[in-house]
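Here are my notes on this one, as promised.

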Amino acid sequence: MSDWTHGYVTDIEYTSNFYPELAPILMHFNALSKNVVLPKASSVFNWLEIGCGNGLSTNALAACNSQSEFYAFDFNPVHVLNAQRMADEAGLKNVHFFDDSFADALQRDLPMMDFIVLHGIYSWVSKENQSLIVQLVQKLLKPGGAVYISYNCLPGWSGKAPLRHLMTQFAVRTGGPVADKVRAAKQFVNELQGLNLSYFKDNPSAKKMAERLQAHDAHYMAHEYMNADWNLFYSSDIAADLNSAKLSFACSAGLLENADELGLSKETIQRIAQESDPTMRELLKDFAKNQQFRRDIFVKGKRKYAPVEVEKIARESHFTLFVPRSSCMLTVQSSIGEIILPGEVYAPILDALAQQPLSLSAISELMQAPLHSAINAIVVLSAVGYVHAIDIDPDLSATTCLSFNKIVVQRALYGEPMAILVASRLRTAVPVSEIDQFFIAAQWENASDLAGAVWQKMRSLGKSLMRDGQAIKDEHENLIELKQREIVFLKETMPLLKTWGVL
Ligand SMILES: C[S@@+](CC[C@H](N)C(=O)[O-])C[C@H]1O[C@@H](n2cnc3c(N)ncnc32)[C@H](O)[C@@H]1O
C-alpha cells in the first residue's frame with residue numbers, strides 16, 4: 001500500500017450504486033417540508049461530489065439535469081476511469097471527473113457550488129481528511145448552497161462498534177490482499193458466533209450484525225470495515241464541524257427520517273418540540289430511534305420561505321405516482337415497522353395522482369386542508385415510496401437521458417446490469433429491473449414477440465427467471481412467466497416510465 005491512500009482501501013473497487021437522496025429534486029423537497037429554502041432542481045446549478053467512487057450517482061444526475069454542471073473527484077484512479085468511461089459512452093458534456101485527493105481538490109480551481117455531496121466518506125477517513133473536507137466546503141459552497149453528508153452515528157453503533165474493532169484487529173493480522181482479509185474476517189466472526197460470548201448475549205444488535213455480515217460482498221465489506229479510519233459521530237459533532245464553515249442543519253435527506261409522525265410516538269414528538277436548539281432536537285431523535293447512520297442536509301444561510309414564496313412554490317411543485325395505483329396499499333411494511341395510512345386522507349390523493357401529476361396547491365384544494373397538511377401528506381406518501389416530485393417544465397434532459405439509458409440497457413445485455421434508468425421529468429434515476437430493461441431493449445428493436453425476444457437475450461447470457469428463490473429451468477415455463485411479465489410491463493410499468501421521461 002502506498003502513501004497516497006492514507007490507509008483507505010484501494011486494492012478493491014467500491015460497489016456502483018445510485019443514491020436517490022443525493023438528487024437535488026429530493027433534497028429540495030425534503031428542505032421544503034421543513035420550510036427551509038434550497039436551490040431548485042430546475043435551476044442552473046453547480047454540483048460537486050466528494051469521493052464519488054465509480055461515479056454512478058454523479059453521471060445519472062448529470063444526465064437528467066443537463067442544464068447544470070457536475071464536478072466529482074475520487075483519489076482512486078480506477079474509480080475515476082470507470083466514472084469517465086460511463087460519461088464518455090453516454091456522451092455527457094456536463095460532467096467533470098478528477099482523480100484528486102481532498103487535499104488536491106482544495107488546490108484545484110473549481111467554480112462555486114450550489115450542491116456539495118459526500119456519501120460514505122466522513123466516517124471512513126482521518127481527522128485530518130475530515131478537516132480538509134470542511135475546508136473544501138468552506139471554500140466552494142455558495143451562500144444558499146446545500147451539503148449532503150452521511151456518516152455512522154451514535155448511539156446506534158454503541159453496542160456493535162466493538163465487533164468491528166475485534167474483526168479488523170483480526171483481519172490486519174492475517175495480512176495479504178484485502179479480499180483475503182474480508183474472507184478471513186467473515187470466517188472469524190462466524191466462529192465467534194459458535195462460542196458462548198457474553199458480549200453477544202449483552203449486545204443483541206451485535207449478534208444480529210454478526211449474522212448479517214455473512215451476506216455482504218467483499219467490495220462493501222472492504223470499504224465499510226477495513227479502512228484504517230472508522231469514526232462514529234453524534235449528530236451534534238457533525239453540526240459543530242459544519243457550523244465552523246458557516247453551515248446550519250436544514251433537515252434529514254431521508255424521507256422516512258423527516259416524516260416524524262411515522263417514526264416517533266406523539267409523546268416523543270412533543271418532548272422533542274420543547275427543545276429550541278435544532279442540534280439538541282436531532283440528538284434527541286437519534287436516541288429515540290437508536291440511530292446508527294445519518295444522512296443530513298446542511299445549508300449555508302438557513303432561510304425560511306416567506307409566505308408569498310410558499311404560495312408560489314406550492315403552485316410550482318408537482319408530484320406523481322411512483323408505483324402503479326394498484327400497488328399502493330394502505331398498510332405498508334417499512335424499515336421502521338408497519339405503517340397504516342388512513343384511507344379517507346390518502347386514497348383520494350392517490351386516485352387523483354393516478355390520473356395526472358398534481359401541484360401541492362391542487363392537493364391542498366383536493367384535501368380541503370391547509371398547504372402544510374398537503375405537504376405532510378406528500379412527505380408520508382413519498383416516504384413509503386408511492387409518490388415522487390416531478391418537473392412539468394419543458395423536458396430539457398430528454399436527449400441526455402435517452403443516451404444514458406441506452407448505455408445502461410446495453411450493459412444489461414452484456415451481463416453487467418445496473419438496476420436503474422434515469423427519468424428526465426423526475427430529474428433522478430428510478431429502479432428498473434434487469435428483466436424490464438430486456439423488455440425495453442426488445443421494444444427498441446421493434447420485436448414482434450417481446451417475451452420471446454427477452455427469452456433469447458436471457459438464454460444467451462445463461463440466465464433464467466427465478467421463482468421462490470429457485471431458477472426456473474424449463475424453457476416453456478420461462479416463456480409462460482415472461483408472457484405474464486410482458487402484460488404487467490406494457491400495462492403498468494411502461495405508462496409510468498413514459499410519464500417520468502424514462503422512455
Ligand atoms: C465508501 S466509498 C463511497 C463512494 C461513493 N460516494 C458512493 O457512495 O458510491 C468512499 C470513497 O472515498 C474515496 N476516498 C477515500 N479517501 C479519499 C481521499 N483522501 N481523497 C479522495 N477520495 C477518497 C474512496 O476511493 C472511495 O471511492
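1. How close do the axes of helix α22 and helix α23 come, and at what angle do they cross? The axes of α22 (residues 450-460) and α23 (residues 475-500) come within 9 Å and cross at roughly 125 degrees. That makes α22 oblique to α23 (under 35 degrees is roughly parallel, over 145 roughly antiparallel, 65 to 115 roughly perpendicular, and the rest oblique). Axes here are lines fitted to C-alpha atoms, for helices over the stretch in contact, with angles from 0 to 180 degrees between N-to-C directions.

2. A word on provenance. This is a predicted model: local features need pLDDT of at least 70, side-chain atom pairs count only at pLDDT 80 or more, and totals for chains, interfaces and linings use all residues. Residues are numbered from 1 along each chain as its sequence is written.

3. Back to that helix pair. On the α22 side, Leu450, Ala451, Val454 and Trp455 meet Asn478, Leu479, Leu482, Lys483 and Glu486 in α23 (contact means C-beta atoms, placed from the backbone, within 7 Å). The residues of this contact divide into 6 nonpolar, 1 polar and 2 charged.

4. Overall make-up: the protein chain has 23 helices and 16 strands (DSSP runs numbered from the N terminus, H or I of at least four residues for helices, E of at least two for strands). Its radius of gyration is 23 Å, close to the 23 Å that the globule rule gives for 503 residues, so the chain is as compact as a globular protein of that length. The radius is taken over C-alpha atoms, and the rule is 2.2 Å times the number of residues to the power 0.38. Along its principal axes, the C-alpha trace spans about 60 × 60 × 50 Å.

5. Of the contacts with a separation of 6 or more, 74% come from residues 24 or more positions apart.

6. Helix α2 (residues 56-64) is mostly covered, with 9 of its 9 residues buried. Among them are Leu56, Asn59 and Cys64.

7. Last stop, Asn129, which lies in helix α5 (residues 127-140). Asn129 is partly exposed, because 19 other C-beta atoms lie within 10 Å. Leaving out residues up to four places away in sequence, Asn129 touches His6 and Phe102. The C-alpha atoms of Asn129 and Phe102 are separated by 6.9 Å, with the two residues 27 apart along the chain.

Definitions and conventions. Contact = placed C-beta atoms within 7 Å. Nonpolar A, V, L, I, M, F, W, Y, C, P; charged D, E, K, R; others polar. Buried ≥ 20, exposed ≤ 12 C-beta atoms within 10 Å, placed from the backbone.
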